[in-house]
Amino acid sequence: MNSNNLLLYALGLGAVLVMAIATWLLSVAKRNVAIVDSVWSLMFIAEACIYVFGAPAPSARGLLVAALVGIWGLRLSLHITVRGWGHGEDRRYQAIRERNEPGFALKSLYLVFVLQAVLAWIISLPLFGAAMGASALGPLDAVGVLLWLVGFVFEAGGDWQLSRFKADPANKGKVMDRGLWRWTRHPNYFGDFCVWWGLYLIALSAGAWWSVVGPLLMSVLLMRVSGVTLLEKDIGERRPQYAEYIRRTNAFFPGPRKR
């Protein structure tokens, strides 16, 4: 990796840090740090654009990755924004706020916003690797796009099904166990997992094997940190029916119901 490429990758970090600081300032005014979730996926779009259009000559693979990330990122940001509109700060962030008072307004800059910007920068390695590759598209790229498509269907489809379920007053207090949610308790997180491993296969086709750090980090976040583990930490206490759902439904990877 030459110095120009390193500079371009560093520029990606600078871009997401600027986005993080701007969002932090808005969160202080609104007293709601949950808005960072709407910006999270947009950070990857910004990085993809910098990597692809900052390269000496944008490649077909780079443009492909930018398009895939753009579709995924815009859909996710719009969904999270609409879902949280008018509901105030998410309970996860309320808990973080309570643990870090007094002075959370300032602490949230590095505890939430800068942290997410750095994580997005590391996870974006496959985007950078794909953009830097100059070889022609090949079979591995096609497999990567197919895996991305599977992930997008699970993530967008799972979000859509859950939104419709919650919109029906008859389902109040019930557990969503239909459609994709019948096969996995977290089809949206599994979809995110597939999206990023699909992008990695495209980067791998360009020779960027080292970018595996990105999807590995995303996988850890989804399964062990801010995804499944955090969401299910106390959900059994808040929703007793969820315990039965856990017993018969796979946590992450889709599969038939357990007896």
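# Chat on the helices and their contacts

Visitor: Where does S27 sit?
Guide: S27 lies in helix α1, where helices are DSSP runs of H or I with at least four residues, strands are runs of E with at least two, and both are numbered from the N terminus. This is a predicted model, in which local features need pLDDT of at least 70 and side-chain atom pairs count only at pLDDT 80 or more, whereas totals for chains, interfaces and linings use all residues. Residues are numbered from 1 along each chain as its sequence is written, and side-chain values use heavy atoms, with hydrogens and water left out.

Visitor: And is S27 buried or exposed?
Guide: S27 counts as buried because its relative accessibility is 3%; buried means under 20% relative accessible area, exposed means over 50%, and partly exposed is in between, with a 1.4 Å probe and protein chains only.

Visitor: What does S27 touch, skipping residues up to four places away in sequence?
Guide: With those left out, S27 touches N32, V33, I35 and F113, a contact being heavy atoms within 4.5 Å.

Visitor: What about A20, which residues does it touch on that basis?
Guide: Not counting residues up to four places away in sequence, A20 touches M43, F113, V114 and A117. A20 is also found in helix α1, and it counts as buried because its relative accessibility is 0%. Its C-alpha atom is 8.1 Å from that of V39, which is 19 residues away in sequence.

Visitor: How far apart are G14 and V118 in space?
Guide: Their C-alpha atoms are 9.7 Å apart, although 104 residues separate G14 and V118 in sequence. G14 belongs to helix α1 and V118 to helix α5; G14 is partly exposed at 32% relative accessibility, and V118 is partly exposed at 30%. For V118 and R99, which are 19 residues apart along the chain, the C-alpha separation is 22 Å.

Visitor: At what angle do the axes of α8 and α9 cross?
Guide: Helix α8 (residues 187-205) and helix α9 (residues 213-225) have axes that cross at roughly 175° and come within 9 Å; axes are lines fitted to C-alpha atoms, for helices over the stretch in contact, and angles run from 0 to 180 degrees between N-to-C directions. That makes α8 roughly antiparallel to α9, since angles under 35 degrees count as roughly parallel, over 145 as roughly antiparallel, 65 to 115 as roughly perpendicular, and the rest as oblique.

Visitor: Which residues make that contact of α8 and α9?
Guide: Helix α8 contributes Y189, D192, F193, W196, W197 and Y200, while α9 contributes P215, L216, M218, S219, L222 and M223. They divide into 10 nonpolar, 1 polar and 1 charged, where Ala, Val, Leu, Ile, Met, Phe, Trp, Tyr, Cys and Pro count as nonpolar, Asp, Glu, Lys and Arg as charged, and the others, Gly among them, as polar.

Visitor: And α5 with α9, how far apart are the axes?
Guide: The axes of helix α5 (residues 104-123) and α9 are 7 Å apart, at an angle of about 135°, which means α5 is oblique to α9. L119, I122 and I123 of α5 meet V213, G214, L217, M218 and L221 of α9.

Visitor: Last one, how many disulfides are there?
Guide: A search of the whole structure finds 0 disulfides, a disulfide being a pair of cysteine sulfur atoms within 2.5 Å. As for individual cysteines, C49 is partly exposed at 35% relative accessibility, whereas C194 is buried at 4%.
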